Amino acid sequence: MESSGTAGKHGLEGDADLQFLQVGGELIKIRSSAWKKNRYFKLQEDSKTLWHESHKIFKRNQTFSIDDIASVRQGRQSEGLNKHTKSSVEDQCFSIIFKGRKKNLDLMAANGEEAKQWVNGLDKIMSNMLNLSRQQKNEHWIINCMRKADKNADNKMTQEELKHFMRQVNIEVDDTYAAEIFEKCDKSNSGSLEGSEIKHFYDVLTYREEIDVIYGYYAKTEGQMSSRDLLNFLLNEQREEVSMVDALKLIDKHEVDETAKQKKCMSKDGFRMYMLHEEGSILNPAHKPVYQDMHQPLNHYYISSSHNTYLLADQLKGPSSTEAYIKALMKSCRCVELDCWDGANGEPVIYHGYTLTSKVLFRDVIKAIKDFAFKTSDYPVILSLENHCTLDQQKLMAHYLTSILADALVTNPLGNTMPTDFPSPEELKGKFLIEGKRLKKLDAALNNNSIIEEGTVSEDDEAADCKENGQKAKSKKSRIKLAKELSNMVIYCKSVHFNGFEHAKEMQAFYEMSSFKESKAFKLAETSATPYIHHNMDRLSRIYPAGTRTDSSNFNPVPMWNVGCQIVALNFQTPSKEMHINQGRFLPNGACGYILKPEFQRSPSSQFDPSTLSKGPWLKKKTFNVMVISAQQLPKINRDKQRSIVDPLVRVEIYGVPADNASKETHYIDNNAMSPSVKVLLRLVRNFTPRFNPMWNESFTFDIHVPELAMLRFVVEDHDSMSHDDFIGQYCLPLTSVQNGYRHVPLLTKRGDVICSAGLFVCLMLIDAQ
């Protein structure tokens with residue numbers, strides 16, 4: 001059962017690091033200072049599965065897929081390795097970080113060279129996996145499922161193994177039906193499928209009728225699609241602004257048949273390869289890299305922002321961890337929160353005050369932030385300090401910030417002169433900004449920086465609001481002492497209390513920003529939308545979840561973006577619809593954590609109000625047509641129940657200004673394919689093959705008024721008539737980044753990780769309203 005995941009197909013044949021992994025070796029698995037066990041690890045033949053021995057009675061051998069790995073970190077760059085190993089073994093250590101909530105795998109090699117080979121080898125395979133086409137990913141998934149079904153590992157598939165495989169890939173078959181499929185593919189009548197018979201079975205299973213129908217409609221030249229036919233398809237269906245040169249490039253890139261390529265034609269297989277490639281994705285490829293103007297002032301951007309960043313779970317008794325910061329930063333979060341308190345032995349700590357959440361050292365958090373802040377994005381990171389510390393520990397905080405972050409920390413205005421506006425993300429690349437309290441206005445401090453050693457400031461709004469949850473908070477009018485060393489680090493993000501839009505306009509400098517509890521922010525957005533938008537043209541606003549959200553749930557960020565709020569802080573640790581929308585908002589522009597706000601949220605002459613929608617440049621009425629055609633390789637939801645097959649439905653959701661909010665859904669498909677009655681009828685049809693991809697062919701129409709603020713979300717659920725539908729997958733992106741035409745939509749897990757090979761096939765059309 002040959003896999004397209006072999007080294008050859010990866011382009012890694014003969015690679016020394018890969019060969020090293022395939023031989024494998026002994027590593028020390030580290031759980032604690034006392035629990036350190038030797039385990040043998042080895043990459044399996046498919047170059048996609050890592051095997052390791054286990055001393056558990058019922059799990060002697062364990063495996064996990066490379067697809068399950070989020071990243072591999074060299075050195076003592078995990079909380080566990082930092083805590084349970086000495087700095088002298090730094091070069092021998094590495095960590096495998098998994099997607100979702102699975103615990104990190106902390107390992108130590110015999111020497112630094114071996115550790116480096118493990119890391120390099122795994123990184124190469126992961127990188128190659130990411131660069132595979134959709135077609136190759138589909139093959140990987142199918143073949144991996146076949147391997148699991150091949151219980152005796154003889155590279156053959158018996159009828160019983162075929163039934164097991166079909167259930168793995170979400171197809172329900174009874175014994176009679178399975179026998180019919182098996183008999184159809186068993187050309188040799190040997191009682192098992194092998195070699196070309198398995199290939200035939202795979203081709204039958206992955207046949208895409210809907211793509212062939214599209215191809216047949218446009219293939220007007222001797223049964224094939226000429227370059228002219230392809231150009232007509234690109235212009236008429238995909239609505240792309242292309243020429244004959246572009247059509248010829250696609251043929252040269254995707255055509256698999258050399259004869260067809262020489263005739264400048266695209267065969268059925270070539271067309272399928274094109275449709276499954278990046279060009280056929282819903283996300284506009286031009287929007288994948290950084291494509292927006294990054295030279296505007298900082299407050300002209302939406303900024304991906306986290307709340308209670310230190311938490312891995314709820315905010316009453318959940319664990320605090322440096323890992324939570326790493327996970328947020330690796331998702332290109334550009335504003336993280338540090339809730340700072342006095343700790344033991346004079347060391348400041350971070351945790352959720354007045355609760356049972358665990359504590360993590362301030363210095364460890366700053367080290368983790370320094371190491372991971374710019375791994376996925378070069379643009380500036382804002383450290384939002386909620387300071388509850390005494391003066392001595394504040395001075396130590398300032399020391400750690402300057403000593404660890406060094407020149408990357410902005411401690412003076414750029415150019416060392418009094419600024420009148422924010423610098424741009426481009427000017428601040430690789431820099432850290434501190435958001436917090438400051439003793440004096442910036443100009444006064446610059447004129448004479450040494451007068452005040454310490455002073456008092458009002459407590460942070462968020463700290464005062466914590467009594468919402470019945471916590472022992474101080475009065476909202478309480479004041480705290482602030483050390484000069486910490487105060488002087490606050491340059492462009494001085495935290496001040498909000499006293500109304502007029503007061504802010506008259507009294508606040510551009511660098512003085514306010515934090516708003518969600519209830520206050522939503523009320524202002526509802527009653528004073530235009531003043532709020534104008535406030536955000538000159539200043540930064542930070543919105544944070546209410547203290548009553550003890551489960552670390554989230555609010556809908558869209559109404560806040562509608563009024564131009566930049567720092568809409570969400571609980572990144574909580575998988576939710578709101579986080580899906582946030583991930584979708586920051587998906588384009590290189591997923592760099594900064595998205596340029598629409599021009600009408602930046603122009604002083606704008607009178608935009610998302611609720612009333614008076615005439616203006618923002619009003620660009622569109623009609624958005626969506627046809628949900630099919631789904632591919634949906635994952636099994638209940639893996640504990642062998643016979644559990646999903647009954648999928650698709651919901652299409654629009655989030656934007658109130659007039660654009662809408663949701664429509666398809667009917668559900670029984671058993672992921674077709675109803676039993678239809679199945680019985682189709683058995684009578686000669687050469688009938690099982691349908692692997694559920695098909696809906698349902699169309700919906702949405703009226704869009706402000707497309708620049710609209711978000712599109714697809715949700716796939718498993719219908720359940722007795723309880724809530726179960727979540728299968730989702731995908732969200734800005735409507736302005738959607739490609740017209742026939743497109744594939746990848747699916748993500750609840751936590752935002754890609755579900756390998758699963759997806760939707762849709763037809764989209766965003767056109768001017770009549």
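Mentor: What follows is a close look at one helix, and then at some other places in the chain.

This is a predicted model, in which local features need pLDDT of at least 70 and side-chain atom pairs count only at pLDDT 80 or more, while totals for chains, interfaces and linings use all residues. Residues are numbered from 1 along each chain as its sequence is written, and side-chain values use heavy atoms, with hydrogens and water left out.

Start with helix α14, residues 322-330. Helices here are DSSP runs of H or I with at least four residues, strands are runs of E with at least two, and both are numbered from the N terminus. Seven of the nine residues of α14 are buried, so the rest of the structure largely encloses this helix. Buried means under 20% relative accessible area, exposed means over 50%, and partly exposed is in between (1.4 Å probe, protein chains only). The buried residues are Thr322, Glu323, Ala324, Tyr325, Ile326, Ala328 and Leu329.

At the N-terminal end, serine 321 caps α14, with a side-chain oxygen 2.9 Å from the backbone nitrogen of glutamate 323. After the helix comes serine 332, which has a positive phi, near 65 degrees.

Next, look at cysteine 333. Cysteine 333 is buried, with a relative accessible area of 0%. The structure holds zero disulfides, a disulfide being a pair of cysteine sulfur atoms within 2.5 Å. For cysteine 333, the nearest cysteine sulfur is that of cysteine 335, 6.7 Å away.

Positive phi also turns up in two loops. Glutamate 222, in the loop between α9 (209-218) and β8 (225-226), has a phi near 50 degrees. Serine 552, in the loop between β20 (541-544) and α23 (558-562), has a phi of about 60 degrees. Glutamate 222 counts as exposed at 71% relative accessibility, whereas serine 552 is buried at 0%.

Last, the interior. A nonpolar core is a set of buried Ala, Val, Leu, Ile, Met, Phe, Trp, Tyr and Cys residues joined through side-chain atoms within 4.5 Å. The largest such core has 74 residues, and Leu383 is among those with the most contacts inside it. Contact means heavy atoms within 4.5 Å. Not counting residues up to four places away in sequence, leucine 383 touches several residues, including Val336, Leu338, Ile369, Leu401 and Phe432. A second, separate core has 33 residues, among them Ile654, Phe700, Val738 and Val745.

Key
Polar contact = N/O pair within 3.5 Å; in protein donor to acceptor, adjacent residues only side chain to side chain.
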